[in-house]
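Please read the following briefing with the sequence and the three-dimensional structure in view.

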Amino acid sequence: MQTIQIYNTYTRTIEKFEPLQPPFVGIYLCGPTVYGLPHLGHVRGPVFFDVLHRYFKKCDYKVRLVRNITDVGHLVNDADEGEDKIARLAKIEQLEPMEVAQFYTNKYHEMLNALNLLPASIEPRASGHIIEQIEMIETIIKNGYAYASNGSVYFDVLKYSASHNYGKLSGRVLEDLIAGAGNEARELEGQGEKRNPNDFALWKKAGPEHIMQWNSPWSRGFPGWHIECSAMSKKYLGDCFDIHGGGMDLLFPHHESEIAQSTACTSHNPAKYWMHHNMITINGQKMAKSLNNGISVQAFFSGDHPLLEKAYSPMTLKFFILMAHYRGTLDFSNTALQAAEKGLSRLMAASETLKTINPSAIENGSVKLLVDEAYQALNDDLNTPILISKLFELATIINSANGGTTAISEEELTLLNTHFDSLIFDILGLKTEASAINEKLDGVMQMLLTMRNEAKQNKNFALSDEIRNKLSDLGFEIKDGKEGSFYSIL
RNA sequence: GGUCGGAUGGCCGAGUGGCUAGGCAAAGCUCUGCAAAAGCUUCUACAGCGGUUCGAACCCGCUUCCGACCUCCA
């Protein structure tokens with residue numbers, strides 16, 4: 001079995017990955033709040049954690065991946081007086097809240113499918129786990145770390161801090177939080193109900209304007225911002241599980257508060273490893289709904305956005321994301337996307353070429369090392385850019401062998417056949433996008449290529465060029481190789 | 001204001017105290033009726049200023065610039 005090292009945000013070090021109960025691996029990912037179309041930024045987490053998921057499976061771990069759907073909505077922290085996002089949209093659009101949530105959940109799933117991501121083992125909805133959340137809040141109150149106030153329940157951060165380190169994950173010091181300049185501008189609703197401004201809500205009493213509300217021991221209301229993840233991860237993965245993941249922007253307060261809630265409830269940090277991916281930026285700034293600079297995934301695939309020079313395919317997007325390391329920011333640009341698009345097609349072409357290679361008595365000498373290095377890159381905190389660079393180097397060898405400028409031994413060919421496609425398709429989760437071509441179309445294309453070659457044999461270049469040009473206009477590219485002619489769809 | 005993270009060749013993006021990242025773009029060559037594809041070759045960078053070192057883009061210090069988080073965020 002491979003030794004995988006991953007960066008643990010909690011300890012800020014690279015650590016050897018050792019499951020709590022091998023071969024089982026429990027992963028909890030913070031999923032989307034379904035109140036809007038997924039934009040480019042929403043893609044990075046699912047894409048990265050899918051590689052992790054796939055690699056673990058490849059290493060024969062039994063993975064349970066839980067990714068929640070937040071359909072209760074988070075409180076809106078502006079003039080909406082704490083009204084919840086989904087409820088607000090519902091009123092505007094005159095729909096049932098659940099209808100809105102379902103609509104955007106479906107959109108989210110469409111995106112995941114387009115990107116060829118493995119489905120989650122469990123995809124729990126916050127609205128379906130109100131009872132679990134209430135039970136957890138009751139335990140936290142019983143343990144003395146939360147208090148009810150005017151129908152709402154707040155987590156007592158000061159009390160918790162007396163015996164625990166609130167702020168360890170996000171690298172914050174409570175005194176700084178209290179003194180933080182940011183707090184001055186934030187006059188939150190219900191601030192007067194709290195013992196301390198840093199206390200956060202576990203349960204909020206609902207006003208009549210809230211469409212989504214539930215009964216609880218404290219009031220008719222709705223759960224707080226962080227408790228859903230704690231309650232659902234606990235229910236499906238236990239008090240302690242292996243990996244908790246999400247975007248870096250969730251570090252504080254979301255994950256910090258999750259740790260506090262779970263610890264107050266079960267006396268354990270819920271996760272052994274905390275993994276956070278960085279943001280996708282646009283012109284150097286985070287892409288976020290609040291900044292209004294997001295490009296929806298839908299628009300990205302159709303090219304229908306002023307910032308897009310063309311449409312990009314789902315696999316191009318995925319490859320673009322994987323060409324950068326997950327802990328660094330990744331800046332959106334058309335030139336970078338187009339570079340990824342071309343690189344990807346080169347890799348895919350090499351995968352096709354590999355099928356036609358015949359082994360030689362002489363060995364190339366680099367294949368085994370490159371394959372080893374590819375896995376080492378994965379083991380080194382999922383370094384997909386290095387992995388991809390190794391794949392490109394292997395692609396060069398495959399192409400050279402095909403062109404006769406290098407040789408590949410039987411043994412090396414076996415190695416390539418075992419690992420090259422496996423890395424591309426099984427672990428990175430890429431797929432060929434030309435699969436839309438059905439067999440009938442392929443038959444027609446082969447016929448046209450044959451006719452064109454006959455014309456070429458007869459030196460009827462006018463006809464052969466006409467065939468090629470017309471096909472080119474229709475979006476087919478013709479390539480003449482040593483083994484005959486091929487086509488690809490542009 | 002506090003905390004943290006960045007600054008790499010035309011572009012995107014890895015990485016490491018001394019040895020080619022990789023992709024895209026560009027140029028030349030091979031192949032070829034032409035083109036494309038493919039192959040080969042070329043292009044050698046690490047914000048600035050000091051310091052440590054035989055040697056630093058990589059370690060340390062300072063400076064400049066950029067970004068993230070500080071109770072909406074993937």
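The structure is a predicted model, in which local features need pLDDT of at least 70 and side-chain atom pairs count only at pLDDT 80 or more, while totals for chains, interfaces and linings use all residues. Residues are numbered from 1 along each chain as its sequence is written, chains are lettered from A and ligands numbered from 1 in the order in which they are written, and side-chain values use heavy atoms, with hydrogens and water left out.

**Domains**

- Chain A is assigned domain 1 (5–277), domain 2 (282–427) and domain 3 (437–489); such bounds come from an automatic or database domain assignment.
- Domain 1 contributes 32 residues and domain 2 contributes 36 residues to the contact between them, where contact means heavy atoms within 4.5 Å.
- The C-alpha centres of domain 1 and domain 2 are 33 Å apart.

**Helix α8 and its end**

- Helices (H or I, at least four residues) and strands (E, at least two) are DSSP runs, numbered from the N terminus.
- Buried means under 20% relative accessible area, exposed means over 50%, and partly exposed lies in between (1.4 Å probe, protein chains only).
- Ser267 follows α8 and has a positive phi, near 70 degrees.

**Strands and their pairing**

- Strands of a sheet pair through backbone hydrogen bonds, either parallel or antiparallel.
- Two strands are taken as paired if DSSP finds at least two bridges between them.
- An open sheet of three strands has the order β12-β11-β13, with mixed pairing.
- Its edge strands, β12 (285–286) and β13 (330–332), each pair on one side only.
- β11 (residues 280–282) pairs with β12 in the antiparallel sense over two bridges, and Thr281 stands opposite Lys286 in β12.
- Elsewhere, β5 (residues 146–149) and β6 (residues 152–155) are antiparallel partners over four bridges, with Ala148 having Val153 as its bridge partner.
- β5 and β6 form a hairpin with two residues between them, and Asn150 in the turn has a positive phi of about 55 degrees.

- Gly429 lies in the loop between α14 (410–427) and α15 and is buried, at a relative accessible area of 0%.
- Leaving aside residues up to four places away in sequence, Gly429 touches Arg54, Leu115, Asn116, Met315, Lys318 and Ile424.
- Although Gly429 and Leu115 are 314 residues apart along the chain, their C-alpha atoms are separated by 8.5 Å.
- Val297 belongs to helix α9 (residues 297–302) and is buried, with 4% relative accessibility.
- Not counting residues up to four places away in sequence, Val297 touches Pro38, His39, Leu40, Val43 and Met111.

**A nonpolar surface patch**

- Leu441, Val444, Met447 and Met451 make a nonpolar surface patch of about 340 Å².
- Patches consist of residues with over 30% relative accessible area and no salt bridge; like charges are joined within 9 Å, and nonpolar side chains (Val, Leu, Ile, Met, Phe, Trp, Tyr) within 5 Å.
- Accessible areas come from the Shrake-Rupley method with a 1.4 Å probe, and for residues only the protein chains shown count as cover.
- Leu441 is in helix α15 (residues 439–457) and is partly exposed, at 31% relative accessible area.

**Salt bridges**

- A salt bridge is a side-chain nitrogen of Lys or Arg within 4 Å of a carboxyl oxygen of Asp or Glu; by this rule the count is 20.
- Asp381 and Arg327 form a salt bridge with an N to O distance of 2.8 Å.
- Asp381 lies in the loop between α12 (367–379) and α13 (384–403), and Arg327 in the loop between α10 (314–322) and β13, so the pair ties together parts that are 54 residues apart in sequence.
- Asp381 is buried at 1% relative accessibility, whereas Arg327 is partly exposed at 28%.
- Lys390 and Glu393 form a salt bridge, with their closest N and O atoms 3.8 Å apart; both lie in helix α13, three residues apart, about one turn of the helix.
- In this pair, Lys390 is buried at 15% relative accessible area, and Glu393 is partly exposed at 38%.
- Lys470 and Glu466 form a salt bridge, with their closest N and O atoms 3.0 Å apart.
- A network of salt bridges links Asp50, Arg54 and Lys318.
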